[in-house]
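Hi,

Here is the structure we talked about. My notes on it follow below.

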Amino acid sequence: MTNRSYLDAASSESLHPAAREILLAALDSGWADPARLHHEGRTARLLWDNAREVVADAVGCRPDELFFTSSGTTAIHTGVTAAAAARRRTGDRVVHSAVEHSAVLHAAAVAGAGVEVGVDALGRIDTEVYGAAVAAPGVALAVLQSANHEVGTRQPVTEIATACADAGVPLLVDAAATLGREDLPARWSLLTASAHKWGGPAGVGLLAVRKGVRLLPRWPLEEREQGLAPGHPDIPAVLASAAALQARRTEAKELDTRHRAWIGELRNRLMADVSDIEVVGDPDDRLPHILTFSCLYVDGEALVTALDAEGFAVSSGSACTASTLRPSHVLAAMGALTHGNVRVSLGRESTYDEVDRFARVVPGIVRDIRAQVGL
């Protein structure tokens, strides 16, 4: 199809040109087992260590505190379950916000007793409420996202890190939505992210673990990667992820300014031109590239499908899907309208013309869908 506009960067970014170049080169030089002592193995290990240093610098940790996994979800599952299991004598409670990624909710339920902390209408936790939950007896781990992946609202990670330190509870920060786009909070015990969110290849996640944080994985421990990522690593993919992250960090400031202006304009135009619309998330303290809105009397799946027919790739956090048959838990926790929801998220290749055309097309589509149901 021609005239396509990909506005779903929060789900996955297209492969960064820097990553593509490195990936192709690494297929010829980084294929050997880095655990071997021969020339090919040493070459692969050198490439692996270089990639680890680049990513560790972006994360703000030591290279030996960084582990690569097969996905961001795997990193969350590993971090939550292993950290909670190591503190079983303290308790089995895992404190998390109500708007965390579903991987956190599932891992917390497996690790022990999940303690959910609600959010306000903007999608942000109350630091006092969250701090009190962390300070309660029997808490093994706290989990908090740096910013929400559906609505863009930032969370007060620094304040919560202080509360966790005072309570002696490790804090896992899910930084998938922010790494590569803006600076990360400095204080955390564990941190997770996913490479395809910043323009790296899919299939690479990362788990950073500060020295002194105890882990007890629920699987046989291996010498490689200290049992956190057993098996032969995908060195070309890791190298490409590091290259994409390094390049993306140099672009971050310019993209932040550009996206913030475009999303601000799109927000104002939609609110002016579409009746019965609710734009969710914090209008100011948010990620610059995400805009989420809900339209009353409009089915989210129908809206996404109609926009796709017009050439726009967007996502809906509220449409009931064949796999879950449930609306977005994030929007529900915020008390927001979960019907007729669309998330627009801009990427490195997004243009103003795409945003402008989207703003012009949406009002007519919404009117047509409402007319089809007699409104």
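**Sheet, helices and cysteines**

Thr292 stands opposite Arg343 in S12. This is a predicted model: local features need pLDDT of at least 70, side-chain atom pairs count only at pLDDT 80 or more, and totals for chains, interfaces and linings use all residues. Residues are numbered from 1 along each chain as its sequence is written, and side-chain values use heavy atoms, without hydrogens and water.

The sheet: S10 (residues 290-295) pairs with S12 in the antiparallel sense, over five bridges. Two strands pair if DSSP finds at least two bridges between them. Helices (H or I, at least four residues) and strands (E, at least two) are DSSP runs, numbered from the N terminus. The open sheet has three strands, in the order S9-S10-S12, with antiparallel pairing. S9 (277-280) and S12 (341-345) are at the edges with a single partner strand each, so one side of each lacks a neighbour in the sheet. Neighbouring strands are turned by 25° against each other on average, direction ignored.

The helices: H7 (residues 235-273) packs on the sheet and touches S9, S10 and S12. Contact means heavy atoms within 4.5 Å. The direction of H7 makes about 10° with that of S10. H8 (residues 300-309) lies across S10 and S12, at about 40° to S12. Axes are lines fitted to C-alpha atoms, for helices over the stretch in contact; angles run from 0 to 180 degrees between N-to-C directions.

The cysteines: there are zero disulfides (cysteine sulfur pairs within 2.5 Å). The closest cysteine sulfur to that of Cys61 is in Cys164, 19 Å away, too far for a bond.

Best regards
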